[in-house]
Amino acid sequence: MSVNQQAHTGPPYGQPQPGYQGYQQPAYGGQPLPGVPQSQYGAYNGPMPGYQQPVPPQGYFPSLGFPSKGSPVSLNSDTSSLAPNFIGSLRAPPTSGAPPPASGASLPSGHLAYSQFGHGDVQNGIPTSAAPMQRPPASQPFLPGSAPTPVSQTSTFQQYGPPPASVQQLSNHMAGMTIGSTTASAPPPAGLGYGPPTSVPPVSGSFSTTGSGLYTPYTASQGPPPTSVSQGLPLAQPPFPGQPISTQRLPTQVPGFAPPPSSTGIGPSSYPPTTGAPRPPTMSGPPLPGQTAAGPPASQPNHVSSPPPPATMAGPHPGPHPGPPMSGLHGPPPPTHPPQPGYQMQQNGSFGQVRGPQPNYGGAYPGTPNYGSQPGPPPPPKRLDPDSIPSPIQVIEDDRSNRGSEPFVTGVRGQVPPLVTTNFVVKDQGNASPRYIRCTSYNIPCTSDMAKQSQVPLAAVIKPLATLPPEETLPYLVDHGESGPVRCNRCKAYMCPFMQFIEGGRRFQCCFCSCVTEVPPHYFQHLDHTGKRVDFYDRPELSLGSYEFLATVDYCKNNKFPSPPAFIFMIDVSYNAVKSGLVRLICEELKSLIDFLPREGNMEESAIRVGFVTYNKVLHFYNVKSSLAQPQMMVVSDVADMFVPLLDGFLVNVNESRTVIASLLDQIPEMFADTRETETVFAPVIQAGLEALKAAECAGKLFIFHTSLPIAEAPGKLKNRDDKKLINTDKEKTLFQPQTSFYNNLAKDCVAQGCCVDLFLFPNQYLDVATLGVVTYQTGGSIYKYAYFQLETDQDRFLNDLRRDVQKEVGFDAVMRVRTSTGIRATDFFGAFYMSNTTDVEMAGLDCDKTITVEFKHDDKLSEDSGALLQCALLYTSCAGQRRLRIHNLSLNCCTQLADLYRNCETDTLINYLAKHAYRGVLGSPVKTVRDALINQCAQILACYRKNCASPSSAGQLILPECMKLLPVYLNCVLKSDVLQPGPEVTTDDRAYIRQLVTSMDVAETNVFFYPRLLPLTKAEVDSDSLPAAIRNSEERLSKSDIYLLENGLNIFVWVGVNVQQSLIQNLFGVSSFSQISNALSTLPVLENSFSKKVRSIVDMLQVQRSRNMKLIIVKQEDKLEMLFKHFLVEDKSLSGGASYVDFLCHMHKEIRQLLS
Ligand SMILES: [Zn+2]
């Protein structure tokens, strides 16, 4: 039973993984290349050398007090000409390698904790036997309220236990029973979401009757045909006379297929009886002759276009068949239901998002196709009504209304959280919040065969330092004393709520590897009659899903507590940077920004020290020691062998050196005002920062502001190798690969030192993001790009990004390991990090916005009883220099029925994973291969569902699992994205940039990035705080007389229709006519009227939700910029050849049918 998790016997990263034969994968993350030397430092958590006390650190070289080669100090003399004010050369003081007395370093455990919780305050009343809490219980007692209590768990169980699926199913069943009567009761909140834009064809028309008139015939005449073509989709189910139109959703769960997950806490009532009322005869779903098409019309391989020829329409199915004897459901329909299972595509649109009042979706019940029927002879070929296919807007709205009002309590294993688009509060009762971890599925197949069969990737998207909303509690800091956190002897898992105490509390059995470990005497506590420790609720590590441990010196490099980190600002002062005003802007901003460096808890000032470098072809270091009257510059022109010419005075405390720093920042723009130097170096800049941190023996972050391709003679020099002709060739992948391995090696050195690199790029032409970004990417840094930077229009965006980047929470010198219970293990990782072995994710810096996606594979059988556990442990140095471990635990269910898997998936997370997987794939395979593999995998996922979980029905029907009904639309967005299918206007750098960004995105970010949010501004209620209801991303939803906002996390477009009322234009833009609106605006004018205020507040509200400042672009209808805007209307066909949603759905259907046949 005891499998040691650590002994990973699985394939190394580079190996092809079973599920993804489609294309080969480069080494994980595309990062470390083969041949990379072994680990920088041993796993902190295993029996690996690095952090174990007695063993000398392996990859870390003790930093030398002074750079060994640093002696040639005299180099600096050439500076004087540049900086008249500065004293010439300074000799680097040989003495100081030691970091300045670090104020916060190796803090005694007292005051650092997270703002509200001193790390001692964890317990309320520590049992005497539980020794180690050294902190005064003073500050914030760990209130029972925040810990799970038996009572609350019970309630939790009730509220959340039932997977949404079951509920929905119930409702569907109910609906089926009560056709006609119930529907009117509760108008869907979502309705607003997409009222048809006025000028748009009344899409809704065809559904208007859904409420009570369940039988609305869908006639071709209703609803003007959308432009695209897919008529005659075989998808459709032939209408059956007399059938309730209902339902957009059919329960996924076919009775008999999915036994209620035993562990999830599904109330009996929520499960539809598997057998039951015979289904109404009307339910049958075979296509009517002539109506359904045999195959998806969109047959082109890339399904770009072409409507199926009407000929294909003939349905393979001869006629209606009664449909499988399904069970009905009984019981009164619950008033509201979470969206649920099973979704069948019907040609007649009966399952599109119904807009009208239709809460109960009269009629659908498992397996029954009851769709709006169309009595009589089939109408002429008609295209698939876009309203009849699954709508992201509807799904989002449904989830908001169903799950947004109650807190999400994490006490129950395997609960699927609300969608990322829903606002909800999390209460930690033993599992990590979905803000920290989201999974592709919360119910894992018990066997690897099942997992392979389904092709559903098992992955977790982890954001270890996620920012929490104010109403949620930050992880408590726990101190287990000098001996460090209590851990399993064998697998080294940390104490957590799932550990089982035995033998009266003297030992505990590991929930990950089953090994039994003695409880250290200071940690002993008695058990109650249920076997639970009596201090259960007093200890975060026993009752909560997320918490932190104070790390001991054993967890530190070189067995030494770390110094506080440093920030080094490195500014390109070449001609372009100076001329554009950038240098002056940066210097001005830094003068104030350095007062806002991250602070820990209630510390009065930041412990972070700062340093400054400028560069073009040579580097200039500045001595800003507080005792100096003026800053001093030292130039290093020998960039081939970088060293830091000074130590004392380079990294300083802001408060102490404030005046010298201010003087420096005032002088820099003047010093270089007349520069003629256009060439830059790049790698030496990073090397310089790295050397400075090494010398100071600390971790830190470099903020590099860079403008051009580094062509000056120096290590890491690059050439312009951009070549758009490579697109769609086998060599396209080279555009994403770095042009030299130099940066990979440099990145490795940076990671070893905890030197994180944030890069701000201001290119006017190609500067090879794919190569320049390597170090940023592998050190866990962030990259920002402002192409054609112009002060007037771009400065606010840049400054906002810079401020946020400097101020945000970040952990340094981080190592993350994910442990799993026996049966599965982490096999693959995606994100901005470096790996020197197969288990430890190393990040020089990890900030609150970064996510790491981890994929799991089976290495044994899982059991439904025990489920599966994950424990993510992140060891890092806080901004004050405290070494900590942040632990996140999550328990998942395991299933023996595929239907359970499909009912507990989360499509947004799945897309996050699939996009990252594909974006890594382009490093090693032709883009088309990557796209095809993606389509194939999703088709297999859906085909497996169809084959094993859906009720028998005609092959002409596309049946989607309720939880995955948006998979096709979102997948199409990924396929059409700039990385996988670039339009002509997308540059190579844009693609490399996007590829890197997406790799670290969390689920909410990928969600809006791939399917942007489109809001009708003219529908906004000026008196309310709420956003107008979003509409679907298609041109046909836009009205010429409205103004819309579209955001994707990087850009905000404001689109103005040609017929917008003059008064609205006046109110928003301050001009009197459409033609006078300037599309050069980068912000909306501040005007004193309610519409202007409302729109600006919406823009602000959206900005706050994003980790980057979005670029505002005004687009006038029929203006040339509109092409750019239309690129983001992702349900439409794209200029670059991407399929429309409707066409893609047809294509997917065809793929699925092929797999099934
Ligand atoms: Zn263990």
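Glutamine 455 is buried, at a relative accessible area of 10% (buried is under 20%, exposed over 50%, partly exposed in between, with a 1.4 Å probe and protein chains only). The model is predicted: local features need pLDDT of at least 70, side-chain atom pairs count only at pLDDT 80 or more, and totals for chains, interfaces and linings use all residues. Residues are numbered from 1 along each chain as its sequence is written, and side-chain values use heavy atoms, with hydrogens and water left out.

Glutamine 455 sits in the loop between α4 (448–454) and β6 (458–462). Helices (H or I, at least four residues) and strands (E, at least two) are DSSP runs, numbered from the N terminus. Most residues other than glycine have a negative phi. In glutamine 455, phi is positive, near 65°. Asparagine 558 also has a positive phi, near 55°. Asparagine 558 lies in the loop between β11 (546–550) and β12 (566–572). Its relative accessibility is 29%, so asparagine 558 counts as partly exposed.

The zinc ion is coordinated by the SG atoms of Cys488, Cys491, Cys510 and Cys513, at 2.2 to 2.3 Å. Donors are N, O and S atoms within 2.8 Å of the metal (3.2 Å for Na, K and Ca). The arrangement is tetrahedral because the 4 donor atoms subtend angles of 101 to 115° (for four donors, all angles must lie between 85 and 135 degrees). The donor residues follow the spacing C-x2-C-x18-C-x2-C. Cysteine 488, in the loop between β7 (477–478) and β8 (500–502), and cysteine 513, in the loop between β9 (507–509) and β10 (516–518), are 25 residues apart and link distant parts of the chain. Cysteine 488 is buried, at 1% relative accessible area. Cysteine 513 is buried as well, at 0%.

The second largest pocket has a volume of about 1300 Å³. On a 1 Å grid over the protein atoms alone, a pocket is an open set of points with protein on both sides within 12 Å along at least five of seven lines, and lining residues have an atom within 4 Å of a point. The volume is the space filled by probe spheres set on the points. The lining of this pocket has 48 residues; Asp990, Asn1051, Lys1111, Ile1113 and Leu1124 lie nearest the centre. Elements that each supply at least two lining residues include β18 (783–785), α12 (791–807), β28 (1051–1056) and β29 (1111–1116). α17 gives the most, with 5 residues.

Key:
On a 1 Å grid over the protein atoms alone, a cavity is a set of points where a 1.4 Å probe fits but cannot get out, and a pocket is an open set with protein on both sides within 12 Å along at least five of seven lines; lining residues have an atom within 4 Å of a point. Four donors count as tetrahedral if all angles lie between 85 and 135 degrees; four count as square planar and six as octahedral if opposite donors are over 155 degrees apart and all others between 65 and 115; anything else is irregular.
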